[in-house]
Amino acid sequence: MPTLAERILGAPAGECVDRAIDVAYAHDGTGVLALQTFRTIGKPLARPGRMRLLFDHIVPANNSETATLQAELRRFAHESGVPLCDVGEGICHQVMGEGGVRPGEVVIGADSHTCTLGAFGAFATGVGATDMAAIWATGETWLRVPETTKISLSGELGGGAEAKDLALAYVSRLGMDGATYRALEFRGEGAATLSMAGRLTCSNLAIEAGAKTGLFYADRTTCEYLAGFGVEASPQTVEDADYADEHDIDLGAVEPLVAVPHRVDSARPVDRVAGTAIDQVFVGTCTNGRLEDLERFAAAIKGRRVRVRTVVIPASRRVLAGAIRSGALEAIVEAGCTVGPPGCGPCLGMHLGVLGEGEVCLSTANRNFRNRMGVGGEVYLASVGTAAASSLAGEIAPPEGAA
Amino acid sequence: MRLAGRAIRLPPDIDTDMIIAGRYLRTKDRSVWAARAFEDLDPTLAGRLRGAVIAAGPNFGCGSSREQAAVALREAGVVAVVAPSFARIFYRNAINLGLPIAEAELDCEDGDPVEVDLEAGLVRAGDRPPVPIAPLSPRMRAILGAGGLVELLKGTA
């Protein structure tokens, strides 16, 4: 039987297929280069209705050079009819995941974390600017059908562990290139216990193990989530398939983890780094900036005061509005955190919380590469609960509920 | 396609942030990317890339999809990149831009003359025996042969 990737792409692993794109999107970072290349190709836009542009990487613009580049892209969107999610709408992967992607679709994004949307049972993968320009010109792309690494999940998360800890655990087990050219398939009874937000977090880190996408089979949770956005979907049948590699993870045994500088696959139990001095905590990004994350963070710090600079950035306008309605935002602001506008924030080291030389950040994001958040800065990656405990302690600390 | 250059060895898991840092991305001036390539790894490296064959460790180009990484190497005059494995988005980007890359286990020292023969599927450093290059798919050969995806698409009116 075929893997989910083979089923969606309609061919066995190893074959190259040309596929019409169901949805393709680029952001203010990759869109500029894609537009330049698209104009060099000199063909008309093939299927504008399938394309999206979303501004998230540096929003609002941090200087006039960025603003000018964004203005050019904005003009292109208005002239060509490509729907634009402008400044303030949120991170592309989050916004697309708010009803913009259905199970079984082929979704291409000009950003490496497009794999996030594999959580809906869609073949979602990232490409560079030239591939995106070619998609604008032809409406299709070619894909090599990947082999699949199966990750069987059993049990249920507990002991203060979150989907983020599961993600750090599998990336560390596979290694930074352990799934290169492959798809990941998360399945088993444990997968069903994860919320949609948790699945998105889990799929988000697939690229950190080199994978093309991180797939969950659409089930009742997926369909109920999509129904909330007025999108109809059916569950995907789960069948046995031929896998290139298989791993078992007992969610009950996953403990709160921290990936230390400068590798994502360096996760260790939070106890081993507890007490590490930090200068900043950052909660947000396409990994952990969803409403569930903000509410979890707010619940942990409500009525208390953070002891270290803490930046909280909702992943989308919808998340921000939800956090206002639920009172999470009030708790976050009153605890002394700084809230930024929906977008990627300081994750890519451009604005809104860049680190200084020698500064250390505990972040809920997905990359801790050298100098990523600022030259000479160091990044530790962890869950929202660990971020909250660390904000309150002023140093890296285990989350509430940890053994 | 036969290419020759001097080897510059690089460690495993070179990410695209390391090839070109995020702080240099917001421009359309490609010379900036070439001038700032590998700045956080070794600020002197960019000046030595012209005519070089990068001989890297596994998983070259991991991380961000930023195509500016592959553009930077091409603009800086890198002849080819050889590594035991590449992160897949970087791999696609390089082929799409016509930057020759070769998956091979190349044993060499800094400064060794390296010959990359993509047709024969062999790469050789100095006097060492040649080692095989993992074959490119026909699709990738066609893109690389056309000089990149843009040129290939322009050819199909």
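Begin by selecting Asp86(A) and Arg74(A), whose side chains form a salt bridge in this predicted model, with an N to O distance of 2.7 Å. The pair connects distant parts of the chain, its members being twelve residues apart. Asp86(A) sits in the loop between β4 (84-85) and α4 (92-96) of chain A, while Arg74(A) belongs to helix α3 (residues 64-80) of chain A. Extending the search to the whole structure gives 34 salt bridges over all chains.

Next, colour chain A by domain. The assignment divides the chain into domain 1 (16-144), domain 2 (149-253) and domain 3 (258-393). Display domain 1 and domain 2 of chain A together; their C-alpha centres are 24 Å apart. In this pairing, 20 residues of domain 1 of chain A touch 24 residues of domain 2 of chain A. The area buried between domain 1 and domain 2 of chain A is about 1800 Å², and carbon and sulfur atoms account for 61% of it. Now pick out Cys115(A), Ala119(A) and Phe120(A): these residues provide 28% of the area that domain 1 of chain A buries against domain 2 of chain A, more than any other three residues. A search for salt bridges across the interface of these two domains of chain A returns zero.

Move on to the interface between the chains. Select the contacting residues, 41 from chain B and 48 from chain A. Chain B and chain A bury about 3800 Å² between them, with 55% of that area on carbon and sulfur atoms. Three arginines deserve a separate selection on the chain B side: Arg26(B), Arg88(B) and Arg92(B) supply 23% of the area that chain B buries against chain A, more than any other three residues. Between chain B and chain A the count of salt bridges is five. For a salt bridge joining residues of these two chains, show the side chains of Asp13(B) and Arg263(A), which meet at 2.9 Å, N to O.

Helix α4 (residues 88-97) of chain B packs against helix α5 (residues 138-146) of chain B at an angle of about 45°, and their axes are 7 Å apart. At that angle, α4(B) is therefore oblique to α5(B). Show the side chains at the crossing: Tyr91(B), Arg92(B), Ile95(B) and Asn96(B) from α4(B) meet Met140(B), Ile143(B) and Leu144(B) from α5(B). Coloured by class, the contact of α4(B) with α5(B) comprises five nonpolar residues, one polar and one charged.

Notes: Residues are numbered from 1 along each chain as its sequence is written. Chains are lettered from A and ligands numbered from 1 in the order in which they are written. This is a predicted model: local features need pLDDT of at least 70, side-chain atom pairs count only at pLDDT 80 or more; totals for chains, interfaces and linings use all residues. Side-chain values use heavy atoms; hydrogens and water are left out. Axes are lines fitted to C-alpha atoms, for helices over the stretch in contact, and angles run from 0 to 180 degrees between N-to-C directions. Helices (H or I, at least four residues) and strands (E, at least two) are DSSP runs, numbered from the N terminus. Angles under 35 degrees count as roughly parallel, over 145 as roughly antiparallel, 65 to 115 as roughly perpendicular and the rest as oblique. Contact means heavy atoms within 4.5 Å. Ala, Val, Leu, Ile, Met, Phe, Trp, Tyr, Cys and Pro count as nonpolar, Asp, Glu, Lys and Arg as charged, and the others, Gly among them, as polar. Domain bounds come from an automatic or database domain assignment. Buried area is the accessible area (1.4 Å probe) that two parts lose on being put together, summed over both. A salt bridge is a side-chain nitrogen of Lys or Arg within 4 Å of a carboxyl oxygen of Asp or Glu.
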